[in-house]
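Reader: I'm new to this one. Can you walk me through it?
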Amino acid sequence: MIKAVKGMNDLYGKDAYRWGRMEEDIKMIVQTANYTEFRTPIVEEIALFKRGVGETTDVVQKEMYDFLDKKGRHIAMRPEGTASVVRAFIEHGISVNEPSPFKLFYIGPFFRYEKPQKGRYRQFHQLGIEIFGDDTPQMDAEMIFTACRVLDHFKIDYEVHINSIGCNECRPVYKEKLIEYFSSKKDKLCEDCCKRIKTNPLRLLDCKSCNMKMEYQKVPVMIDHLCGVCSDHFEKLKKSLRIFHVDPVIDPYIVRGLDYYTRTAFEIVADTGGSQNAVAGGGRYDNLVSDIGGPDTPATGFAMGLERLFDMVPEDFYQTPMVFAGYVLCEEAVDDLVHFAKHMSHHPVTFFADYRPKKIKKALQKADKAQISFVFIFGENEAKNKTVLMKNMTTGEQKTYGQHEVMLIVRELMDASAEFYSKK
Ligand code: ATP
Ligand code: MG
């Protein structure tokens, strides 16, 4: 039997409905905050991610889905959104052709070759927002606040952890300090971290496998080594977050997995129901656009994992809509149901028709299983008299309508829907 590729999921039924509603709500929130949708292809030249995400990152070294196409081009499925958006930003001259700051969002699938577990998949989905052309700490705060607005909407408890990882002025000095510190601790480090000491020493701070927690009190941290400009940026970020009613936890061990961050780095942690508690992360990346060959453009943004968000949306947040259904009891009534389905399609009610004749008992059993609210029965008598029997499945109440009385029927269904939704 052919099964889905490992780490990739199907979505259907109630979950697909809830997922769709969740995406609609997210779009509404970010669109009202003036972010416009940006769609990029699922694949890019792998060189983009190597440059954009960083050669020394886990994402590029271990987690990439890549292949050669028929012309031998080295292509990768996108593991994250920022590099693609930056590529497009440069390619379309957005810095000159669109207003600044340019604020965008994206929602879609991403691919990472990771060990699948709850909250960690090989195809997963992210909401991302990015802002180009604004270097202010206030914009960083607004960006983080936007992530909070999404979580607040779904009534989720979370903590916002922030850090500053400095800039090209102060980070190299700090990196040297870290290298010096970790070089004397090699016996306590995992194999990957021993290799990373020289190439990417910041990553040692958030390594999950070599558990340096005990050592943390002594590890030099970036926030103690910020230059004047970065320090001022960080102070203003904290102040603006508080104005937005976001109370951040200062976490000097957030470095983010991807190489391109400058100054602000943040993560939002929540109880996602699994061992993966990061629901969103991001920060400022003022050098990425120019690193990829574009004009000097400050930028900031975040990505939120939608599977982890979905698992936290309260069970009763969305009710499934009321569905109405028509059944036929004999061949002679089939065309009546076709006519009825056609008329119902003009109205804002969810109507489902089952054209296969069956006994009334079977029809009602099916309706029950499908949680139908009202059924419409077309039997021999109804075909003869051009009527339809309507049954309220909750109360058991029955009524006969003329088949042409669709307006009256729809009115009754809409009243019932209004009552149903107002009670929830
Ligand atoms: P983690 O530390 O959990 O691996 P990350 O730092 O690799 O996360 P980012 O690149 O910051 O993740 O992506 C932003 C968000 O996307 C994460 O906070 C998480 O919610 C989600 N995410 C990342 N990788 C996966 C995955 N493989 N499956 C599901 N969600 C993911
Ligand atoms: Mg990861």
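Author: Let's begin with a term. A residue is buried under 20% relative accessible area, exposed over 50%, and partly exposed in between. Also, this is a predicted model.
Reader: Where is I42 placed?
Author: I42 is in a loop, the one between β1 (36-37) and β2 (43-45).
Reader: New topic. Ligand 1. Which residues come nearest?
Author: Five of the 15 residues around ligand 1 do: R112, E114, R120, Y121 and R256.
Reader: What polar backbone atom lies 2.9 Å from a nitrogen atom of ligand 1?
Author: One of Y121. An oxygen atom of ligand 1 is 3.0 Å from a polar side-chain atom of Q126. An oxygen atom of ligand 1 is also 3.0 Å from a polar backbone atom of A278.
Reader: How much of ligand 1 does the protein bury?
Author: The protein buries 90% of the 590 Å² that ligand 1 exposes when taken alone.
Reader: Which elements give two or more residues to the shell?
Author: Three strands: β6 (123-132), β10 (278-284) and β11 (299-305). With three residues, β10 gives the most.
Reader: And by class, what is in that shell?
Author: Six residues are nonpolar, six are charged and three are polar.
Reader: Let's switch to salt bridges. How many are there?
Author: The count is 19.
Reader: Pick one. What does K103 pair with?
Author: K103 pairs with E142, and their closest N and O atoms are 3.2 Å apart. This pair links distant parts of the chain. K103 is in strand β5 (residues 102-111), E142 is in helix α6 (residues 137-153), and they are 39 residues apart.
Reader: Is K103 buried or exposed?
Author: Buried, because its relative accessibility is 11%, and the cut-off for buried is under 20%. E142 has 22%, so E142 counts as partly exposed.
Reader: What about K236? Which residue does it bridge to?
Author: D232, with the closest N and O atoms 3.0 Å apart.
Reader: How far apart are K236 and D232 in helix α9?
Author: Four residues, so about one helical turn separates them in helix α9 (residues 228-243). K236 is partly exposed at 37% relative accessibility. D232 is partly exposed too, with a relative accessible area of 37%.
Reader: And D354 with K358, are they buried or exposed?
Author: Both are buried. They form a salt bridge, with their closest N and O atoms 3.0 Å apart.
Reader: Which residues are linked in a network of salt bridges?
Author: D58, K62, D192 and R196 are.
Reader: Last topic. Where does H245 lie?
Author: H245 lies in the loop between α9 and β8 (249-250). Its relative accessible area is 75%, so H245 is exposed.
Reader: How far is H245 from N381?
Author: Their C-alpha atoms are separated by 65 Å. Along the chain, H245 and N381 are 136 residues apart.

How values were computed: Residues numbered from 1 in each chain as written. Chains lettered and ligands numbered in written order. Predicted model: local features only at pLDDT ≥ 70, side-chain atom pairs only at ≥ 80, totals over all residues. Heavy atoms only, no water. Near = heavy atom within 4 Å. Polar contact = N/O pair within 3.5 Å; in protein donor to acceptor, adjacent residues only side chain to side chain. Areas by Shrake-Rupley, 256 points an atom, 1.4 Å probe, with all protein chains shown as cover. Nonpolar A, V, L, I, M, F, W, Y, C, P; charged D, E, K, R; others polar. Salt bridge = Lys/Arg side-chain N within 4 Å of Asp/Glu carboxyl O. Buried < 20%, exposed > 50% of the residue type's maximum accessible area, 1.4 Å probe, protein only.
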